[in-house]
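Hi,

Here is the structure I promised to pass on.

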Amino acid sequence: MNLNLKDKVILISGGAKGIGGAISRGLIEEGAIPVMIDPSEMEGKEILDLAKGKALQIPIRLFSPEDSQEVITRTLEVFGRIDGLVNNAGSNDSVGLEKGNPEAFAQSVAKNLNHYYHLAHFTLPYLKKSKGSIVNISSKTAITGQGNTSGYTAAKGAQLALTREWAVELLPYQIRVNAVIPAEVMTPMYENWIKSFANPEEKLTEINRRIPLGNRMTSSEEIAAMVIFLLSDKASHITGQHLFVDGGYTHLDRAL
Ligand code: NAP
């Protein structure tokens with residue numbers, strides 16, 4: 001299937017590592033041009049080398065509206081267009097009800113959510129021109145909870161609500177907006193989380209056992225495949241959807 005993504009310029013927040021890194025690599029395979037908004041310079045350089053010049057890294061840790069504005073300015077200076085946006089950067093930072101406080105909660109929501117809005121807001125004039133598409137990466141924790149992570153889950157839930165809200169608002173411009181919901185994917189962030197358990201190996205075996213399809217985790221490449229399809233015009237009648245790429249973990253009977 002030709003996804004018609006050749007030379008399309010796609011912004012990916014957190015696009016150098018983990019799920020975002022797989023999205024950038026997958027886009028390069030399709031001939032598209034990933035713009036990685038990610039401070040991880042070493043991992044970004046590997047992807048830049050792979051792209052042989054048809055990629056860009058903007059090593060910014062997104063937080064303020066100005067950060068996102070700078071990303072748009074620099075992308076337009078280099079490529080002159082924007083065809084898609086993947087809001088992906090986030091971190092599960094364990095700000096809970098008991099082990100947390102109002103300031104930490106506000107900070108966690110801000111750092112996981114606000115740049116999703118900022119990037120969508122500032123790319124909009126260019127997405128209107130290209131009839132581009134937006135994909136928001138949320139999390140299973142928005143649906144099931146996880147415990148001790150109020151700020152992160154609040155942001156992840158809001159990303160699902162905004163997916164529907166933006167899909168409606170952007171109907172007149174033929175801009176499609178969808179969300180992809182991962183559950184268990186081995187990335188640098190996940191590795192840090194699993195190491196926080198007393199016996200990480202045992203915990204991982206227990207999690208894998210409960211994943212219905214194949215008793216294994218989802219790979220970053222399997223998440224990327226869905227994201228890249230949604231960005232492409234082959235997904236031309238899909239908008240406002242929440243797509244679970246999780247081997248059935250969220251919805252199927254875990255006693256199977
Ligand atoms: P990851 O391994 O930590 O990779 C994320 C990348 O984004 C890192 O390079 C990170 O840099 C960068 N980043 C973080 N905050 C940023 C910011 N504000 N601005 C720019 N770059 C930033 O994470 P991941 O597991 O791939 O997660 C990606 C997305 O998937 C997140 O939205 C996460 O909530 C979601 N998700 C993941 C899983 C999973 O199982 N892995 C499950 C559900 C949802 P640093 O490393 O320097 O911070």
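**What I found**

Let me start with Lys 131, which is exposed, with a relative accessible area of 53%. One thing to keep in mind throughout is that this is a predicted model. Lys 131 sits in the loop that runs between helix 4 and strand 5 (133-137).

You'll find Ser 94 in the loop between strand 4 (84-87) and helix 4. Ser 94 has a relative accessible area of 41%, so it counts as partly exposed.

**Domains and the main pocket**

The chain is divided into domain 1 (9-183 + 220-245) and domain 2 (184-217). Their C-alpha centres are 24 Å apart. Where they meet, 14 residues of domain 1 are in contact with nine residues of domain 2.

So where does the largest pocket lie? Both domain 1 and domain 2 contribute residues to its lining, so the pocket lies between them. Its volume is about 1,300 Å³. The lining is made up of 48 residues, and if you want to zoom in on the centre, the closest ones are Gly 90, Ser 91, Asn 92, Tyr 152 and Met 189. Several helices give two or more residues to this lining: helix 1 (18-29), helix 4 (102-130), helix 6 (150-169), helix 7 (188-194) and helix 8 (200-209). Helix 7 provides the largest share, with five residues. Sorted by class, the lining of the largest pocket has 19 nonpolar, 19 polar and ten charged residues.

**The inside**

In soluble globular proteins, nonpolar side chains tend to be buried together. In this model the largest nonpolar core has 46 residues, and the members that touch the most others are Leu 11, Ile 23, Leu 27, Val 71, Val 86, Val 180 and Val 227. Helix 9 (residues 220-231) gives the largest share of this core, six residues.

Val 86 is a handy place to start looking around in there. Setting aside neighbours within four places in sequence, Val 86 is in contact with Ile 10, Leu 11, Ile 12, Ser 13, Ile 23, Val 135, Ile 137, Val 227 and Leu 231. A second, separate core has eight residues, among them Ala 183, Tyr 190, Ile 211 and Tyr 249.

Ala 224 is part of helix 9. Is Ala 224 buried or exposed? Its relative accessibility is 3%, so Ala 224 counts as buried. Apart from neighbours within four places in sequence, Ala 224 is in contact with Ala 22 and Ile 23. If you'd like a distance across the model, Ala 224 and Lys 52 are 20 Å apart, C-alpha to C-alpha, and 172 residues apart in sequence.

Beyond neighbours within four places in sequence, Gln 159 is in contact with Asn 112, Leu 113, Tyr 116, Asn 136, Ile 137 and Ser 138. One of these, Asn 136, is 23 residues away from Gln 159 in sequence, with 6.8 Å between the C-alpha atoms.

**One more lysine**

Lys 54 is in the loop between helix 2 (41-51) and strand 3 (56-58). With 31% relative accessibility, Lys 54 counts as partly exposed. Leaving out neighbours within four places in sequence, Lys 54 is in contact with Asp 7, Gly 31, Ala 32, Ile 33 and Pro 34. And to come back to where I began, Lys 54 and Lys 131 are 77 residues apart in sequence and 21 Å apart in space, C-alpha to C-alpha.

Cheers

Note on methods:
Residues are numbered from 1 along each chain as its sequence is written. This is a predicted model: local features need pLDDT of at least 70, side-chain atom pairs count only at pLDDT 80 or more; totals for chains, interfaces and linings use all residues. Side-chain values use heavy atoms; hydrogens and water are left out. On a 1 Å grid over the protein atoms alone, a cavity is a set of points where a 1.4 Å probe fits but cannot get out, and a pocket is an open set with protein on both sides within 12 Å along at least five of seven lines; lining residues have an atom within 4 Å of a point. Grid points are joined across faces, edges and corners, and a volume is the space filled by probe spheres set on the points. Helices (H or I, at least four residues) and strands (E, at least two) are DSSP runs, numbered from the N terminus. Ala, Val, Leu, Ile, Met, Phe, Trp, Tyr, Cys and Pro count as nonpolar, Asp, Glu, Lys and Arg as charged, and the others, Gly among them, as polar. Domain bounds come from an automatic or database domain assignment. A nonpolar core is a set of buried Ala, Val, Leu, Ile, Met, Phe, Trp, Tyr and Cys residues joined through side-chain atoms within 4.5 Å. Buried means under 20% relative accessible area, exposed over 50%, partly exposed in between (1.4 Å probe, protein chains only). Contact means heavy atoms within 4.5 Å.
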